[in-house]
Amino acid sequence: MKLATLKNGTRDGHLVVVSQDLTRCSDVSHIAPTMQAALDAWEDVRGRLERVAIGVETGSQPTERFHEHDAMSPLPRAYQWADGSAYVNHVELVRRARGAEMPDSFWTDPLMYQGGSDSFLGPRDPIVMGDEAWGIDFEGEVSVIVSDVPMGASVDQARDAIQLVMLVNDVSLRGLIPGELAKGFGFFQSKPSSAFSPVAVTPDELGDAWDGGKLSMPLLVEFNGKPFGRADAGVDMTFDFPQLIAHAAKTRPLGAGAVIGSGTVSNKLDGGPGKPVEEGGAGYSCIAEIRMIETIEGGAATTRFMRFGDTVRIEMKDAAGHSIFGAIEQTVEQPGS
């Protein structure tokens with residue numbers, strides 16, 4: 001089943017079931033007016049939503065054309081957005097680039113930060129920023145939406161709580177991060193609103209690519225229309241989603257609709273840093289990673305961060321080349337553009 005939230009002039013939009021090929025949708029606001037309402041009553045409404053999804057595919061359910069540009073993030077706002085750093089290769093490169101040792105605990109205890117969840121961007125909304133000097137960067141990630149998770153949940157309980165899967169552009173302001181982290185209190189201004197894919201899908205839609213904890217498919221990232229990354233989200237993922245969820249729930253329960261991110265998808269190459277796509281590598285899911293490698297190998301970064309007018313596209317396709325979640329496609333703009 002594939003679900004989306006369409007713009008309707010309200011803060012939370014209205015819920016629709018989307019066809020598997022992302023061409024048609026059916027309004028299900030009579031079952032649950034919003035995505036959050038559906039998640040709050042998931043056990044009660046899931047079966048009804050699935051019957052609509054079957055009807056959309058068979059033609060027995062009234063539909064209208066689905067346009068990705070009309071979609072908000074599946075959850076336009078959420079009670080919780082916690083982003084992990086499951087690809088420890090990415091963290092290792094960050095520390096190597098600045099000559100810092102990597103603590104052994106990073107391989108056994110996930111990194112995670114609590115992001116702002118009150119104003120997610122739509123998948124085709126612009127990234128509005130006041131200054132290019134802030135070091136505007138994209139981060140291609142996978143995320144999951146959970147049902148209620150009790151405090152102290154086991155990994156198995158966490159796995160059972162995964163209800164929907166999405167893609168993410170976790171926008172980062174690299175120029176602001178060092179100053180914030182130096183204060184010892186974590187990210188805030190350096191982590192503005194994130195954007196999510198037009199469609200959220202139930203894990204069963206992903207077939208063998210989903211093993212209950214990770215999604216083994218290339219995450220396709222384009223920067224200004226050119227291939228930038230195709231790292232496989234199932235490779236080099238040190239902590240899978242059940243582990244990340246259990247980590248988040250160690251000292252608190254997670255409410256239905258909480259979103260957990262994987263962190264930047266990152267692949268190694270032959271045990272070392274990856275290579276750009278044009279050199280036959282898997283490329284990168286953020287600009288910072290190639291800059292780290294440039295610094296490690298040449299002493300200085302040469303790839304620039306995003307500028308006004310730059311565009312990023314993040315997508316995942318099935319074996320037949322069809323988009324699974326729809327595309328996040330965003331352009332950096334100045335306020336008032």
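How many cavities of 30 Å³ or more does a search of the whole structure find? The search finds one. The structure is a predicted model.

## The cavity

The space in the largest cavity comes to about 30 Å³. Its lining consists of Thr 5, Asp 12, Thr 34, Met 35, Gln 36, Pro 74, Leu 75, Pro 76 and Arg 77. Sorted by class, the lining of the largest cavity has four nonpolar, three polar and two charged residues.

## The largest pocket

The largest pocket holds about 940 Å³ of space. It is lined by 31 residues, and those closest to its centre are Val 94, Arg 174, Ile 177, Leu 181 and Phe 187.

## Elements around the pocket

Which elements each supply at least two residues of the lining of the largest pocket? They are the strands β6 (81-84) and β7 (112-114) and the helices α3 (88-97), α5 (177-182) and α7 (287-298). Helix α3 gives the largest share of this lining, with five residues.

## Arg 95 in helix α3

Arg 95 belongs to helix α3. Is Arg 95 buried or exposed? The relative accessible area of Arg 95 is 17%, and the limit for buried is under 20%, so Arg 95 counts as buried.

Arg 95 and Met 292 lie 197 residues apart in sequence. In space, their C-alpha atoms are 8.9 Å apart.

Definitions and conventions
Residues are numbered from 1 along each chain as its sequence is written. This is a predicted model: local features need pLDDT of at least 70, side-chain atom pairs count only at pLDDT 80 or more; totals for chains, interfaces and linings use all residues. Side-chain values use heavy atoms; hydrogens and water are left out. On a 1 Å grid over the protein atoms alone, a cavity is a set of points where a 1.4 Å probe fits but cannot get out, and a pocket is an open set with protein on both sides within 12 Å along at least five of seven lines; lining residues have an atom within 4 Å of a point. Grid points are joined across faces, edges and corners, and a volume is the space filled by probe spheres set on the points. Helices (H or I, at least four residues) and strands (E, at least two) are DSSP runs, numbered from the N terminus. Ala, Val, Leu, Ile, Met, Phe, Trp, Tyr, Cys and Pro count as nonpolar, Asp, Glu, Lys and Arg as charged, and the others, Gly among them, as polar. Buried means under 20% relative accessible area, exposed over 50%, partly exposed in between (1.4 Å probe, protein chains only).
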